[in-house]
Amino acid sequence: MVKISVVKTKAYADQKPGTSGLRKRVTVFQQNENYAENFIQSIISVIEPASRQESVVVVGGDGRFFMKDAIQLIVQIAAANGIGRLVIGQNGIMSTPAVSCVIRKIKAVGGIILTASHNPGGPNGDFGIKYNISSGGPAPEGITNKIYEISKSITEYHICPDIKVDLATIGKQTFEVDTFKPFTVEIVDSVESYAEMLRDIFDFKALKELLSGPNHINVRLDAMHGVVGPYVKKIVCEELGSPANSAVNCVPSEDFGGHHPDPNLTYAADLVKTMKGGEYEFGAAFDGDGDRNMVLGKHGFFVNPSDSVAAIAANITCIPYFQKTGVKGLARSMPTSGALDNVAKALKMELYETPTGWKFFGNLMDAGKLSLCGEESFGTGSDHIREKDGLWAVLAWLSILASRKQSVEDIMKDHWHKFGRNFFTRYDYEEVDSDAASKMMKDLEAAMSDKSFIGQKFSSADKTYEVAIADNFMYTDPVDGSVSKNQGLRIIFSDGSRIIFRLSGTGSAGATIRLYIDSYEKDPQKINQDPQVMLAPLVDIALKTSQLQERTGRTGPTVIT
């Protein structure tokens, strides 16, 4: 019989989960007494005590440092709080999309994901704990606020310190817990349920022909030492027949090989360089927990994420899943370019513009209003689960290549000729002084709120833009009527061009200022130009209007997308 201990603890005031759970430096979890225990107890406390014995909770993570320690704590605390069963990925490994898939498949009450997504790992990196609900999606604000309130007033947690689980062996382990029925921990193959789901969505026969048939294409998939490695190996290489060497960095590592597992042009520079050599027709990179993706064509042709979701929408009938379900609607986050809007308009589909955060898409999906969505931050997905899904997006692209028998570059150029092109760029200024960043945003909003701002003309180089709309984006959810305010400062010009500023809180130190520029062009002579050249006047106007460089002391961004 395993004994339950009740441990006295002191609350922490800083355990407010963001859109992606609680993310902090690893050292915060390690050096503050009971920091992880408090937060795990706070999560489990939101599950109704009466239903805990019948409840199943899914647990998995991206392999980063401290994950295995955290999983043992989750096991011990879940057992002591009367949870009936945990389902855990082998060795603790389970991608965020796979956790969402498994929650939905086995009708779990929720899932706990150990990840800080695309943030660096290792002893000096970041760690995160995120709670997903029974729909498979991230916990909505009502639940994360409850978790936060509990964490601020917690005085004790319940734990079975004698339980130790073997994470390496697939199968069930059962423990007799004092005052509760048997407590079961089931270790499952991390990939199988997710692979089974993808077989139902895509035409694996056509994909196999594309990747290993007589006229197969060469692909290069970089898992960036994150969780997607085992999924790529099993699904793309073993099942679809792509050669083993087409997948690289596929062993999950606690510090992601010392790299930043963020699939963009800066952090996936090795893939970009390899693709420029011309040996591969298609390339993709994934982030730490597997929900983000970057797509490249031959010679390093970059598909920005805003264009990626638009191209999938325009070719959506190449994917059998949508032939069965139909397309209920399209959605993008507000900072994402208007490329998807052009497709929605042409194909007469409903389009939703939401704040950043996948939970907003989840609400629309649960209400049957949404099939396909994307964010400019390399997130693409559909209503097959309630998270963005990196490998799904890559198989969607490969399905389009198999169907159209064209290169990535030709597909995109055809797309721009048909729908016009949204030139888009994002500048990230990371780890900026939080006070300076907040003051810059506050002063900019005050300037934008002045009545004289509307109609004002801004010039740079040979371009002049007139302000049509200036606001702080507010969203009223069409499903539940909830209102989300202060979602980003928008300056929209009379030609539809947009400058957007957002302060992001997903890093663990300082603030990140994100500047987004979006401008539509339908002149066939101009649509193949370099986005940085085309957008230079708007970037100049944005920096001058906000005084970003003077306010932050930064001469340039950390990352340009």
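Leu 240 is buried, with a relative accessible area of 1%. Here buried means under 20% relative accessible area, exposed means over 50%, and partly exposed lies in between (1.4 Å probe, protein chains only). The model is predicted: local features need pLDDT of at least 70, side-chain atom pairs count only at pLDDT 80 or more, and totals for chains, interfaces and linings use all residues. Residues are numbered from 1 along each chain as its sequence is written, and side-chain values use heavy atoms, with hydrogens and water left out.

**Around Leu 240**

Leu 240 sits in the loop between α8 (229-239) and β11 (247-248). Helices (H or I, at least four residues) and strands (E, at least two) are DSSP runs, numbered from the N terminus. Which residues does Leu 240 touch, not counting residues up to four places away in sequence? They are Phe 204, Leu 207, Lys 208, Leu 211, Ser 212, Ile 235 and Leu 395. Contact means heavy atoms within 4.5 Å. Take Phe 204: it is 36 residues from Leu 240 in sequence, but 7.0 Å away in space, C-alpha to C-alpha.

**Two helix pairs**

Helix α2 (residues 35-45) and helix α3 (residues 67-80) have axes that come within 10 Å and cross at roughly 50°. That makes the pair α2 and α3 oblique. Axes are lines fitted to C-alpha atoms, for helices over the stretch in contact, and angles run from 0 to 180 degrees between N-to-C directions. Under 35 degrees counts as roughly parallel, over 145 as roughly antiparallel, 65 to 115 as roughly perpendicular, and the rest as oblique.

From α2, the contact uses Ala 36, Glu 37, Ile 40, Gln 41 and Ile 44. From α3, it uses Ala 70, Leu 73, Ile 74, Ile 77 and Ala 78. By class, the contact of α2 with α3 has eight nonpolar residues, one polar and one charged. Ala, Val, Leu, Ile, Met, Phe, Trp, Tyr, Cys and Pro count as nonpolar, Asp, Glu, Lys and Arg as charged, and the others, Gly among them, as polar.

Now the other pair. At what angle do helix α4 (residues 96-106) and helix α6 (residues 192-201) pack? The angle is about 85°, with the axes 9 Å apart. So α4 and α6 are roughly perpendicular. Pro 97, Ala 98, Cys 101, Val 102 and Lys 105 of α4 meet Ser 193, Tyr 194, Glu 196 and Met 197 of α6. This contact of α4 with α6 has six nonpolar, one polar and two charged residues.

**Salt bridges**

A salt bridge is a side-chain nitrogen of Lys or Arg within 4 Å of a carboxyl oxygen of Asp or Glu. By this rule there are 32 salt bridges. The table lists some of them.

| Salt bridge | N to O distance |
|---|---|
| Arg 25 and Glu 431 | 3.5 Å |
| Glu 192 and Arg 199 | 3.3 Å |
| Asp 443 and Lys 439 | 3.0 Å |

Arg 25 and Glu 431 link distant parts of the chain, 406 residues apart. Arg 25 is in strand β2 (residues 22-25), and Glu 431 is in strand β19 (residues 421-432). Arg 25 is partly exposed at 27%, and Glu 431 is partly exposed at 47%.

Glu 192 is partly exposed at 33%, and Arg 199 is partly exposed at 31%.

Asp 443 and Lys 439 both lie in helix α16 (residues 434-449). They are four residues apart, about one turn of the helix. Asp 443 is partly exposed at 28%, and Lys 439 is partly exposed at 49%.

Salt bridges that share partners also join Arg 332, Asp 341, Glu 353, Asp 471, Arg 490, Arg 498 and Asp 518 into one network.
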